[in-house]
Amino acid sequence: MPDPQSPRPSPTGPVAGGPVAGGAVGGSVGRASSLWSDAWRDLRRNPVFVLSGLVIVFLVIISIWPSLIASGNPLSCDLAYAQDGSRPGHPFGFNGQGCDVYTRTVHGARTSVVVGVLASLGVAVAGSVLGGLAGFYGGAWDGVLSRITDIFFGIPVVLGGLVLLSVVTSTTVWPVIGFMVLLGWPQISRIARGSVITVKQNDYVQAARALGASSARMMLRHVLPNAVAPVIVVATIALGTFIALEATLSYLGVGLKPPTVSWGIDILDASPYIRNAPHMLLWPAGALAVTVLAFIMLGDAVRDALDPKLR
């Protein structure tokens, strides 16, 4: 006869909270996910990100190795073919100087990508450092930087480019990049400042401060990794804007100058012939539009993936 004091077996299996149940629960939860891993998972499933990423990868490849798809010299011209249309070996026709439009369009991608990437990096670094320090320390530094930011916001970008770049005689990309960084950092600075102010009020930052962590350690280990997401989003979107700005300044004659190969220069040269030879304008303008759209779409996808409110 069974002992009446012995425990009766549970009809549903082991007692909840036992080793098996606990193992099952632990196995179902798995490894804790982070913001970046969740964002990457969402981005891989986003067709907008995939499409824009493929376009950008293609642009980067042809910027580094344009000879992969265009073996000609973009500066080699023959006036005998000026304004001629498509022909075998020259699918985009020729411009007003008899240069191959296809070759110049392919080589023009390098200039646009270099200007956009370097300007975005410069703006992101300068704006993040200045805005992050202002948001973290506050006080007089924050007040002075805020007033300086307001002054720069009042300067029209195109007008500022016409004034500042009109006295530059260099044919390299550095004056244009420097101008973009000079007038582009205030936006990133304001975003970085607001993000740092929000993050430094969290409990884990206050706990690190109470435990005696230095300001540099709190900034690098706790504040910066959690405040950088908005900066990455804005810098990605701004990259396409900087490419369009470079083309605009080159079209106005104060940006890049020949012999530099640029879509803005080609659009400027094609403008007088738009009625007689529209192909001269169509291809560089189309390449510029696709490039700017790709970077803006990429920035929108990154923003949606990193915004916790949209989850």
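Modeller: Start with the word lining. A residue lines a cavity if it has an atom within 4 Å of one of the cavity's grid points. By that test, helix 4 gives the most to the lining of the largest cavity, with 3 residues. Keep in mind that this is a predicted model.

Colleague: What makes a space a cavity, and how many cavities of 30 Å³ or more are there?

Modeller: In a cavity a 1.4 Å probe fits but cannot get out. A search of the whole structure finds 2 of 30 Å³ or more. About 60 Å³ of space lies in the largest.

Colleague: Which residues line the largest cavity?

Modeller: Asn95, Val101, Arg104, Thr105, Asp266, Asp269, Met280 and Pro284. Helix 4, helix 11 and helix 12 each give two or more residues to this lining.

Colleague: How do its lining residues divide by class?

Modeller: Into 3 nonpolar, 2 polar and 3 charged. Asp and Arg count as charged, and Val, Met and Pro as nonpolar.

Colleague: And what lines the second largest cavity?

Modeller: Its lining includes Leu165, Val168, Pro175, Val176, Val254 and Lys257. The classes are 5 nonpolar, 3 polar and 1 charged.

Colleague: Why is a set of residues called a nonpolar core, and how many residues has the largest?

Modeller: Its members must be buried residues of listed types, such as Ile and Leu, joined through side-chain atoms within 4.5 Å. The largest such core has 29 residues. Ile243, Leu288 and Leu306 have the most contacts inside it. Helix 12 gives the most to this core, with 12 residues. Another core, of 24 residues, lies apart from it; Ala124, Val173, Val181 and Val254 are among its members.

Colleague: What does Ile243 touch?

Modeller: Leaving out residues up to four places away in sequence, Ile243 touches Ser112, Gly116, Leu288, Thr291, Val292 and Phe295.

Colleague: Why is the pair of Trp40 and Phe49 called edge-to-face?

Modeller: The structure holds 6 aromatic pairs. Rings pair if their centres lie within 6.5 Å, and planes over 60 degrees apart count as edge-to-face. Trp40 and Phe49 have ring centres 6.1 Å apart and planes at 90°, so the pair is edge-to-face.

Colleague: Are these two residues buried or exposed, and how do you know?

Modeller: Buried means under 20% relative accessible area, and exposed means over 50%. Phe49 has 16%, so Phe49 is buried. Trp40 has 45%, so Trp40 is partly exposed.

Colleague: What makes Phe92 and Tyr102 an edge-to-face pair?

Modeller: Their rings lie 5.1 Å centre to centre, with 80° between the planes. That angle is over the cut-off of 60 degrees. Phe92 lies in the loop between helix 3 and helix 4, and Tyr102 in helix 4, so the pair ties together parts 10 residues apart in sequence. Both are buried. With Trp283, Phe92 and Tyr102 form one aromatic cluster.

Note on methods: Residues are numbered from 1 along each chain as its sequence is written. This is a predicted model: local features need pLDDT of at least 70, side-chain atom pairs count only at pLDDT 80 or more; totals for chains, interfaces and linings use all residues. Side-chain values use heavy atoms; hydrogens and water are left out. Buried means under 20% relative accessible area, exposed over 50%, partly exposed in between (1.4 Å probe, protein chains only). Helices (H or I, at least four residues) and strands (E, at least two) are DSSP runs, numbered from the N terminus. Contact means heavy atoms within 4.5 Å. On a 1 Å grid over the protein atoms alone, a cavity is a set of points where a 1.4 Å probe fits but cannot get out, and a pocket is an open set with protein on both sides within 12 Å along at least five of seven lines; lining residues have an atom within 4 Å of a point. Grid points are joined across faces, edges and corners, and a volume is the space filled by probe spheres set on the points. Rings of Phe, Tyr and Trp (its six-membered ring) pair if their centres lie within 6.5 Å; planes under 30 degrees apart count as stacked, over 60 as edge-to-face and the rest as tilted.
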